[in-house]
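Here is a short report on one model. Look at the structure first, then read on.

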Amino acid sequence: MLIKNKKKINRFVNYWRGDESLTFSFWVVYFIGLSVLSAPLIYMDMQGEAFIDSLSTGMVLLFLIATVIFYSAAVYVYVGLYRSASKYILLVKKKGKSAIWGYLVYVWMFLSIIRLIREFI
């Protein structure tokens with residue numbers, strides 16, 4: 001049991017360091033993970049201000065907690081994805097191949113972060 005928990009912890013640490021593959025980092029952690037975490041926020045946004053004004057104090061608190069969790073997770077995801085793309089670029093360049101996927105991830109991240117900041121403000 002301890003070994004299994006250690007593997008899970010190592011997976012989180014490996015992701016943070018950028019040691020996971022760029023494919024896993026982008027599609028699983030970034031795309032699927034952040035999509036799942038953003039679902040409650042998207043739902044609330046789609047309902048409009050009248051719905052949000054009608055919520056109880058407990059539901060508003062739950063919404064605020066979900067928002068904090070999402071943005072905290074987003075920082076973790078973006079740092080790991082950036083590091084993974086950086087390592088991918090170095091690895092592929094050493095092999096003399098094109099590193100276009102790493103650079104495209106940089107561009108995607110930049111545009112995505114701009115969108116997140118715009119939504120937050």
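## After helix α4

Gly96 follows helix α4 and has a positive phi, near 80°. Helices here are DSSP runs (H or I, at least four residues), numbered from the N terminus.

The model is predicted: local features need pLDDT of at least 70, side-chain atom pairs count only at pLDDT 80 or more, and totals for chains, interfaces and linings use all residues. Residues are numbered from 1 along each chain as its sequence is written, and side-chain values use heavy atoms, with hydrogens and water left out.

## Helix α4

α4 has 38 residues, which should span 56 Å at 1.5 Å a residue. The expected span is 1.5 Å times one less than the number of residues. The end C-alpha atoms of α4 are 56 Å apart, so the two values agree.

Buried residues of α4 include Phe70, Val77, Leu81 and Ser84. Buried means under 20% relative accessible area (1.4 Å probe, protein chains only).

## α2 against α4

α2 covers residues 22-47, and α4 covers residues 57-94. Their axes come within 10 Å and cross at roughly 165°. Axes are lines fitted to C-alpha atoms over the stretch in contact, with angles from 0 to 180 degrees between N-to-C directions. That angle makes α2 roughly antiparallel to α4 (over 145 degrees). The contact residues divide into 19 nonpolar, four polar and no charged. Here Ala, Val, Leu, Ile, Met, Phe, Trp, Tyr, Cys and Pro count as nonpolar, Asp, Glu, Lys and Arg as charged, and the others, Gly among them, as polar.

## Ser25

Ser25 lies in α2. Ser25 is buried, at 1% relative accessible area. Not counting residues up to four places away in sequence, Ser25 touches Tyr15, Glu20, Tyr30, Leu81 and Ser84 (heavy atoms within 4.5 Å). Leu81 and Ser84 are also buried residues of α4.

Technical notes:
Helix = DSSP H or I, 4+ residues; strand = E, 2+ residues; numbered from the N terminus. Buried < 20%, exposed > 50% of the residue type's maximum accessible area, 1.4 Å probe, protein only. Parallel < 35°, antiparallel > 145°, perpendicular 65-115°, else oblique.
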